[in-house]
Amino acid sequence: MKRIVCDFNKKTGKINPQHGAVNWPIGYVHAEGSPDSADCDRANEILREINFPFTRLKEPYNRGYVKCLEIPFIFRDFSKDENDPKNYYLYNTTNFVKDAANGKRKVMVRLGAPREYWKSRYNNKPADYDKFARICCNLIRHINDGWANGINAGVKYFEIWNRADDIKCWPDGSYEDYYRLYETVARAIKDLHPRLKVGGPAAAFCGGDNEFLKGFLDYIAKNNVPCDFVTWNYYGEDASDAFRQAKEVRKMVRDAKLPKKVEIFNDEWSCITLDETGFIQAKNTRNEKGAAFDAAFLMQMHKAKMDACHYYELNPGLPWGGLLGKAWKRPLKPIYAFLGFTRLYALGESVKTSVAGKNTYAMAASNGEKQALMISVTEDKRNDVEINFASSLERKIYIVDKDNDFAEIMTTSDEKVTLKIKGHTVIFAQTV
């Protein structure tokens with residue numbers, strides 16, 4: 001038996017935008033008369049409600065926007081004059097960033113090179129850090145100041161490089177090389193626009209001794225290097241482990257005694273399970289197991305007081321794009337975890353919630369008038385879930401499991417409700 005008890009009178013804190021994403025929510029279209037058109041309409045409806053309040057832009061794989069953001073694709077010949085706009089390939093960069101910033105969402109642009117799974121062609125460390133920094137600043141000028149027929153998108157966050165503790169992202173450089181690159185670019189950006197926010201390092205591996213991240217924090221503290229936010233990544237299937245890593249990252253930032261308070265983002269995460277040979281099981285990114293993990297992760301990152309998180313990613317064509325199906329972009333089960341968290345976020349503040357039972361997570365919110373609760377059970381067996389709402393307000397209850405996609409299962413005014421579930425499940429309740 002899983003037991004959840006809510007106290008909607010005890011506020012526990014502001015809800016931050018944990019339901020951000022990597023790259024932006026494309027406006028999906030479908031052929032008129034397609035047998036799947038209703039699915040596409042439902043996907044668009046859900047995307048509009050979620051609206052992904054904070055998007056992190058890195059090299060997109062979306063059709064029409066390939067090779068429009070990473071530095072090696074924008075400035076293709078490093079030997080040329082970085083001050084001449086003619087040497088920049090900015091095809092589609094303008095539209096990609098402008099569309100991402102639409103809807104008043106926060107935007108972070110990653111300045112760096114792509115992760116390459118096989119041969120490294122683009123992600124080697126720059127030959128000249130100062131020149132690389134000037135190229136980054138010119139890209140920022142294009143995005144925010146109209147340079148080279150650019151736009152004024154008002155992008156505020158700029159992340160420097162990506163996962164330099166992963167050999168696929170930084171194959172020919174040491175940790176110290178990355179720290180020096182970060183310092184060079186961060187100082188140049190602050191000289192260009194002091195109010196812009198710079199950060200990094202998008203640490204890939206935070207489950208061990210965290211030598212890379214500790215070294216980064218120590219370096220910026222000792223050298224008084226600008227740093228407005230710290231970023232880290234998580235790929236896995238254990239929300240409790242993700243919470244432990246989040247707490248460790250927060251402790252490292254606190255222990256580093258940085259000269260100013262920084263924001264902390266998990267800016268790349270997804271449900272990743274491996275088979276016995278070590279290959280990714282994409283089906284679990286896209287099914288009820290992925291939905292239960294995603295819901296648990298979002299709630300655990302709120303509990304860990306992350307300032308924001310970014311799901312990887314929104315492109316349905318990738319195996320780890322778990323929110324939308326390839327065929328006419330139908331909504332997959334994990335997208336409903338984001339829909340549920342969106343409705344919690346809209347209420348503003350979380351309230352006290354007690355949970356009894358292993359592999360069970362819950363979070364409730366209230367704005368004083370409306371109430372909502374999300375529960376995730378991340379185990380593959382039958383369970384009874386007892387919910388004590390501690391009030392008799394009328395509410396609708398929805399469920400995501402193997403057989404249901406955010407299906408409304410009841411409307412009730414009962415103070416206590418017991419639900420029988422079978423396997424990985426997300427439960428969402430909201431007052432009418």
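Let's start with Val 253 and its contacts, where contact means heavy atoms within 4.5 Å. Leaving aside neighbours within four places in sequence, Val 253 touches Leu 217, Val 230, Leu 258, Val 262 and Ile 264. The residue sits in helix α7, residues 239-255. Helices here are DSSP runs of H or I with at least four residues, strands are runs of E with at least two, and both are numbered from the N terminus. Is Val 253 buried or exposed? Val 253 is buried, at a relative accessible area of 11%. Buried means under 20% relative accessible area, exposed means over 50%, and partly exposed is in between, with a 1.4 Å probe and protein chains only.

A word on the source. This is a predicted model, where local features need pLDDT of at least 70, side-chain atom pairs count only at pLDDT 80 or more, and totals for chains, interfaces and linings use all residues. Residues are numbered from 1 along each chain as its sequence is written, and side-chain values use heavy atoms, with hydrogens and water left out.

Next, the sheet. 9 strands form an open sheet with mixed pairing, in the order β15-β14-β17-β12-β11-β10-β1-β13-β16. Two strands pair if DSSP finds at least two bridges between them. Which strands are at the edges? They are β15 (407-412) and β16 (416-422), and each pairs on one side only. On average, neighbouring strands are turned by 20° against each other, direction ignored. For angles in general, axes are lines fitted to C-alpha atoms, for helices over the stretch in contact, and angles run from 0 to 180 degrees between N-to-C directions.

Helix α9, residues 288-303, touches β1 (2-14), β10 (349-356), β11 (360-366), β12 (371-377), β14 and β17 (425-431). Its direction makes about 120° with that of β12. Helix α10, residues 335-347, touches β10, β11, β12, β14 and β17. For α10, the angle with the direction of β12 is about 145°.

Now the pairings. Arg 395 has Thr 412 in β15 as its bridge partner. Then there is β13, residues 382-388. This strand is largely enclosed by the rest of the structure, because 5 of its 7 residues are buried. β13 pairs with β1 in the parallel sense over 4 bridges, and Lys 2 stands opposite Val 385. With β16, β13 pairs in the antiparallel sense over 7 bridges. There, Arg 382 stands opposite Lys 422.

Back to α10, which also packs against helix α1, residues 37-50. The angle is about 35°, and the axes are 9 Å apart. From α1, the contact residues are Arg 42, Ile 46, Leu 47, Glu 49 and Ile 50. From α10, they are Ile 335, Tyr 336, Phe 338, Leu 339, Thr 342 and Arg 343.

Last pair. Helix α4 (residues 129-144) packs on helix α5 (residues 175-192) at about 40°, with axes 9 Å apart. That makes α4 oblique to α5. Under 35 degrees counts as roughly parallel, over 145 as roughly antiparallel, 65 to 115 as roughly perpendicular, and the rest as oblique. Among the contact residues are Phe 132 and Ile 140 of α4, and Leu 181 and Val 185 of α5.
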